[in-house]
Amino acid sequence: MQTNFQNDCSYEEYHSNKLWRQASLKKCPVHSDGQCRLERHGTYERYGPDGQNKTRIARFICRREEGTVTISLLPQFFAAQHPGTLQEYEDQVAAAEKLGAGKATERLRSSPSNGQRQSDWWLRRRLKRLHRTLAVAKERLIEIFQGCEATVTAMRRALGRNDLLLYWRRQLHGSLKELGSPIGFAAAGKGRLPISSE
Ligand SMILES: [Zn+2]
């Protein structure tokens, strides 16, 4: 499973300073009874923002009598369950909202730094996935997003910033395991964040 490595560094800082070495896990995100034995469990490789250079993600293992679970600590800037960064994901969906998936795909393909494969279908799927997650996230901050569409364009305008997904990841850092990708870590097809009654 994945969980959040809470750091505010950029990809460049993370990669050049090898910050995965500083990732730590104080509590097991899977079990809450305190019976877990957590150990470091190496790292794995993941492509960076341009889809070419690779960096590393820290991994831990929880050992219990009934079995083991591996847990990776994903830095804030990376998309969950999808390649690339949150910012790349957000910019792609913003382009699709503005231009339509067909034109946005053409533009993405012509970008020399973009190593990801795109098709109209691929981009439409990303858009649908993100809109679903934003609709769920919005309910948690309804006082800010009252009457706002759950789209990148509308929410960027409401906040006055262009790093919307990073904003959501920080705002909802305590509930990421119930929120869908690319912001949260809920299993695919889930991502139903319970509306709290507080
Ligand atoms: Zn555990």
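**The contact of α2 with α7**

Guide: Helix α2 (residues 86-99) and helix α7 (residues 164-171) have axes that come within 8 Å and cross at roughly 130 degrees. That makes α2 oblique to α7 (angles under 35 degrees count as roughly parallel, over 145 as roughly antiparallel, 65 to 115 as roughly perpendicular, and the rest as oblique). Axes are lines fitted to C-alpha atoms, for helices over the stretch in contact, with angles from 0 to 180 degrees between N-to-C directions. Helices (H or I, at least four residues) and strands (E, at least two) are DSSP runs numbered from the N terminus.

The model is predicted: local features need pLDDT of at least 70, side-chain atom pairs count only at pLDDT 80 or more, and totals for chains, interfaces and linings use all residues. Residue numbers start from 1 along each chain as its sequence is written.

Now the residues. From α2 come Leu 86, Tyr 89 and Glu 90. They meet Leu 164, Leu 165, Leu 166 and Arg 169 of α7. Contact here means C-beta atoms, placed from the backbone, within 7 Å. By class, the contact of α2 with α7 has five nonpolar residues, two charged and no polar (nonpolar: Ala, Val, Leu, Ile, Met, Phe, Trp, Tyr, Cys and Pro; charged: Asp, Glu, Lys and Arg; polar: the others, Gly among them).

Next, the setting. The protein has seven helices and four strands. Along the sequence the pattern reads β-α-β-β-β-α-α-α-α-α-α.

The four strands form an open sheet in the order β1-β4-β3-β2, with mixed pairing. The twist averages 30 degrees from one strand to the next. Strands count as paired if DSSP finds at least two bridges between them.

Take the sheet pair by pair. β1 and β4 run parallel over four bridges. There, Thr 3 stands opposite Leu 73 in β4. Strand β3 (residues 54-64) and strand β4 (residues 67-75) pair antiparallel over seven bridges. Arg 59 faces Ser 72 in β4. A hairpin with two residues joins β3 to β4. β2 and β3 are antiparallel too, joined by nine bridges. Tyr 44 has Ile 57 in β3 as its bridge partner. Six residues lie between β2 and β3 in their hairpin, and Gly 51 in the turn has a positive phi of about 75 degrees.

One more helix is worth a stop. His 131 sits in helix α4 (residues 120-138). His 131 counts as partly exposed because it has 16 C-beta neighbours inside 10 Å (20 or more other C-beta atoms within 10 Å means buried, 12 or fewer exposed, in between partly exposed, with C-beta atoms placed from the backbone). Leaving aside neighbours within four places in sequence, His 131 contacts Ala 150 and Thr 151. His 131 and Thr 151 are 20 residues apart in sequence, yet 5.9 Å apart C-alpha to C-alpha.

Last, the whole chain. Of its 198 residues, 30% are buried. Of contacts with a separation of 6 or more, 55% involve residues 24 or more positions apart. The C-alpha atoms fill a box of roughly 50 × 45 × 25 Å along the principal axes.

Key: Contact = placed C-beta atoms within 7 Å.
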